[in-house]
Every structure is written in C-alpha cells, then in structure tokens.
Amino acid sequence: MAEHFAKQGKEYADSRPSYPPQLFQFIASKTPSHDLAWDVATGTGQAAKSLSTLYKNVIATDASEKQLEFATKLPNVRYQHTPSTMSMTELEQMVSPQGTIDLVTIAQALHWLDLSTFYKQVNWVLKKPNGVLAIWCYTSPRVNDAVGALHDKLYSFDAKPYWDSRRELLEDNYRNIDFPFDPVERG
Ligand SMILES: C[S@@+](CC[C@H](N)C(=O)[O-])C[C@H]1O[C@@H](n2cnc3c(N)ncnc32)[C@H](O)[C@@H]1O
C-alpha cells in the first residue's frame, strides 16, 4: 500500500509526529547489544532518526521511494527502498543476513504488511537469542470534548468511507493482532 504514501513525502517529513525519546530508551534497554536496528516502513525516518542515537547502525526501509527521498539523512542510517512484498532473498540482499539484527521496529505501519510474511522475515533476521521486535501505533489525538466531537464526526463518519479497511487493526490499537513472539518484561 505504499502508493498511498507516494504523493506527500515532503508533507510527511515536515509534519509527521515524532516519538518520545523514552520510548526508544525503553526499547533499547531490552536489547543487550546495540549494533544494528531495522526500522521497517520507515516513511521519512521518524523512528530511524531516534534509533540512530542508540544503535551503531540503522537500516531504514520503505516501499515508497518518495517517502525515502525526504527522509532525514544521517551518517549511520542506510535508507533502502524495498518491494511491497519482499522475498527472503531480497531480505538478505537489501536488509541484512540471517541472525544479525538486534532490534526490528515498525511504527504506525504494521497494518499495511502481510503479517505472516513479515513475522517470518523478522524471525529470520533477528539475533538469537535476545533479538527484539517492537511494534507501535497511535490513533487520534484527544484534546477536549468539543474538539473531540468535531474530530470524531470528520474522522469516523465523513471520512470513514475513504479509509482503507486495513486500518481497522490500527483503530483497535493493534490489540487483537497475532503476535507469535515471547513478550519482554516491562520493568
Ligand atoms: C503511516 S506511514 C508510517 C511512517 C513512519 N514509520 C512513522 O512512524 O511515521 C506507513 C509507511 O508504510 C509504508 N508501507 C506501506 N506498505 C508497505 C510495505 N508493504 N512495505 C514497506 N513499507 C510499506 C508506506 O510507504 C509509509 O511510508
């Protein structure tokens, strides 16, 4: 579904929210080594930029060349255009060999991928033991009741027919996704 994101790479780079540093510090505290992170569906590099401060190297991939064009360029981040459906051979060639990655992140994009293919690839590239997969998303901002009522009308009613049905996983905050990995301790 990368074509949804092709036209507005510059607007993404200018206005997409970033994520709090505490999120990355927490995730990084779960990987014993900090050599290599892979940010999947990186967009214009919102998560990759933060990961670059905590990992020696970051590979940031996306199926939209336009998004990558506007991504923040950093010396230890390699941006890589990947096909929407990546084969295992392409994974090895474009991303990294088997068992070499400390951390895989996917921010606000899991719903666009085929989960079973993605999980197989994550399982293959992650270091064993101790490799970590971190998935997160966000939905609508809450300001106050008055703003909420206006926003909900626009977002959930007027615009609803135009949203891609795959976003339903997101609207549910990924609560019901398959997650065939061992959870990490929160503390
Ligand atoms: C909502 S944006 C999220 C961007 C960024 N990770 C963030 O947190 O803001 C979703 C991204 O997923 C990418 N995407 C969609 N389908 C993809 C696929 N099959 N493989 C790789 N990237 C994909 C889009 O091009 C887009 O950049």
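This is a predicted model: local features need pLDDT of at least 70, side-chain atom pairs count only at pLDDT 80 or more; totals for chains, interfaces and linings use all residues.
The strands form an open sheet with 5 members, arranged in the order E3-E2-E1-E4-E5. Pairing in this sheet is parallel. Its edges are formed by strand E3, residues 77-81, and strand E5, residues 132-136, each of which pairs on one side only. On average, and with direction ignored, neighbouring strands of the sheet are turned by 20° against each other. In general, the strands of a sheet pair through backbone hydrogen bonds, in either a parallel or an antiparallel manner. Within the order given above, E1 is placed between E2 and E4. The pairing of strand E1 (residues 36-40) with strand E4 (residues 103-107) is in the parallel sense and extends over 4 bridges. In this pair, Trp38 stands opposite Val104 of E4.

A helix pair was examined next. For helix H5 (residues 88-95) and helix H6 (residues 115-125), the axes come within 11 Å and cross at roughly 50°. H5 is therefore oblique to H6, since an angle under 35 degrees would count as roughly parallel and one of 65 to 115 as roughly perpendicular. The crossing of the two helices is right-handed. On the H5 side, the contact involves Met88, Leu91 and Glu92. These residues meet Lys120, Gln121, Trp124 and Val125 in H6. Sorted by class, the contact of H5 with H6 comprises 4 nonpolar, 1 polar and 2 charged residues.

An unreviewed UniProt entry carries the annotation "domain: Methyltransferase type" for residues 39-135.

The peptide bond joining Lys128 and Pro129 is cis, with omega at about -5°. Pro129 belongs to the loop between H6 and E5, and E5 is one of the two edge strands of the sheet. The other feature concerns Ala41, which has a positive phi of about 55° although the residue is not a glycine. Ala41 is in the loop that runs between E1 and helix H3 (46-51).

Definitions and conventions. Residues are numbered from 1 along each chain as its sequence is written. Side-chain values use heavy atoms; hydrogens and water are left out. Two strands pair if DSSP finds at least two bridges between them. Axes are lines fitted to C-alpha atoms, for helices over the stretch in contact, and angles run from 0 to 180 degrees between N-to-C directions. Angles under 35 degrees count as roughly parallel, over 145 as roughly antiparallel, 65 to 115 as roughly perpendicular and the rest as oblique. A crossing is left-handed if the near helix is turned anticlockwise from the far one by less than a right angle, and right-handed if clockwise. Contact means heavy atoms within 4.5 Å. Ala, Val, Leu, Ile, Met, Phe, Trp, Tyr, Cys and Pro count as nonpolar, Asp, Glu, Lys and Arg as charged, and the others, Gly among them, as polar. UniProt positions are given in the numbering used here, feature names are shortened, and annotations may be inferred rather than shown by experiment.
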